[in-house]
Amino acid sequence: MKNMGLSRLVLVDPMDFPSGEAVARASGATDILDAAQVVGTLEEALVGCSLVLGTSARDRRIPWPLLDPRECGVVACEQALGGAEVALVFGREYAGLTNEELQRCQFHVHIPSDPEFSSLNLAAAVQVLAYEVRMAWLAAHNQPTKTAKLETTAMLNAQAATADELESFYAHLELALVEIGFLDPAKPRHLMSRLRRLYGRSGISRLEMNILRGILTETVKAARGEHHRQGKSDV
Ligand code: SAH
């Protein structure tokens, strides 16, 4: 991370931390370890992040919007330069990320390794992606006009909903879908996963999310037969 100019490490429920072995392997880059934030769940790690990129060595049952490492570097850099919080999520060395964890990510990033032997060591995978972020960052800084353009795009997206806001939205959506009888909690199938994929892909803004939440609230009221005024929306 330090070689590539990255500094913010968040560890989710680490098995061994602080760790003598980690300090030894850091070869002097202990400032990153010292400043590492330790949290209990991925959800906590993602609070405030408006772009979440999850890495995976495997294909999943539900296909997700996929980026290659180069695209990942460009998108991550573009958003971060505009002040957005961007998270690159890596999995456990022995088991990767769970499907549930991957579904918290708007995009998946796959290093196009040989399908017969697709899984890199965690540190190697981190290095490939950190390098691509570095390359995108250098490209942006060597080309002022491009940087200016990237910053404008990022400013437009600055009000993107964050991971924690999206989680509350999904919880609200699920409740509403159960309430109106569209989602059977006994047989949820992949509905919520598919909806997460849809909304994740759309890069929803905070304003848009609030409109959808307003619609959900009124939908539930209507389903319960509560009085419903027409044209409540003021947007
Ligand atoms: N058996 C696990 C592999 C874990 S490798 C699995 O199938 O998911 C540890 C971590 O390194 C992964 O969780 C991912 O973050 C990263 N990684 C390994 N190979 C990768 C690849 N080809 N593309 C993207 N990330 C990869």
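Predicted model: local features only at pLDDT ≥ 70, side-chain atom pairs only at ≥ 80, totals over all residues.

Student: Which residues of helix 6 are buried?

Tutor: They are Ala-125, Leu-129, Ala-130, Glu-132, Val-133, Ala-136 and Ala-140.

Student: What makes you say that these buried residues line one face of helix 6?

Tutor: Look down the axis of helix 6: the buried residues fall within an arc of 155°, so they line one face. The face turned away from that buried side carries Ala-123 and Asn-142, which are exposed.

Student: Why is Ser-193 called buried?

Tutor: The cut-off for buried is under 20% relative accessible area. Ser-193 has 11% relative accessibility, so Ser-193 counts as buried. Ser-193 is found in helix 9. Leaving out residues up to four places away in sequence, Ser-193 touches Ile-62, Trp-64 and Gln-103.

Student: Why do Ser-27 and Arg-189 count as exposed?

Tutor: Exposed means over 50%. Ser-27 has 66% relative accessibility, so Ser-27 counts as exposed. Arg-189 has 69%, so Arg-189 counts as exposed too.

Student: Where do Ser-27 and Arg-189 lie?

Tutor: Ser-27 is in the loop between helix 1 and helix 2, and Arg-189 is in the loop between helix 8 and helix 9. Phi of Ser-27 is near 45°, a positive value in a residue other than glycine. Phi of Arg-189 is also near 45°, again positive in a residue other than glycine.

Student: What joins Phe-17 and Pro-18?

Tutor: A cis peptide bond joins them, with omega about -5°. Pro-18 lies in the loop between strand 1 and helix 1.

Student: How many aromatic pairs are there, and why is the pair of Phe-169 and Tyr-170 called tilted?

Tutor: The structure holds 2 aromatic pairs. The ring centres of Phe-169 and Tyr-170 are 5.7 Å apart and their planes are at 50°, so the pair is tilted. For comparison with the cut-offs, centres must lie within 6.5 Å, planes under 30 degrees apart count as stacked, and planes over 60 count as edge-to-face.

Student: What makes the pair of Phe-169 and Tyr-199 edge-to-face?

Tutor: The angle between the planes is 90° and the distance is 5.0 Å centre to centre; the label requires planes over 60 degrees apart. This pair links distant parts of the chain, with Phe-169 in helix 8 and Tyr-199 in helix 9, 30 residues apart. Phe-169 and Tyr-199 are buried, and Tyr-170 is buried as well. Ring pairs link Phe-169, Tyr-170 and Tyr-199 into a cluster.

Student: Why is strand 3 called mostly covered?

Tutor: Of its 5 residues, 5 are buried. Both faces are covered: Leu-51, Leu-53 and Thr-55 lie on one side, Val-52 and Gly-54 on the other.

Student: How do you know that strand 3 and strand 5 pair?

Tutor: Pairing needs at least two bridges, and strand 3 and strand 5 have 4, in the parallel sense. Leu-53 stands opposite Leu-88 in strand 5. Strand 5 has a covered face with Ala-87 and Val-89, and an uncovered one with Val-86 and Leu-88. Strand 3 is also joined to strand 6 by 3 bridges, and these two run parallel. There, Thr-55 stands opposite Val-109.

Student: How many disulfides does the structure hold?

Tutor: The count is 0. A disulfide is a covalent bond between the sulfur atoms of two cysteines.

Student: What makes Cys-77 and Cys-105 buried?

Tutor: The cut-off is again under 20%. Cys-77 has a relative accessible area of 5%, so Cys-77 is buried. Cys-105 has 2%, so Cys-105 is buried.

How values were computed. Residues numbered from 1 in each chain as written. Heavy atoms only, no water. Phe/Tyr/Trp six-rings, centres within 6.5 Å; stacked < 30°, edge-to-face > 60°. Buried < 20%, exposed > 50% of the residue type's maximum accessible area, 1.4 Å probe, protein only. Contact = heavy atoms within 4.5 Å. Arc of directions from axis to C-beta. Disulfide = S-S within 2.5 Å.
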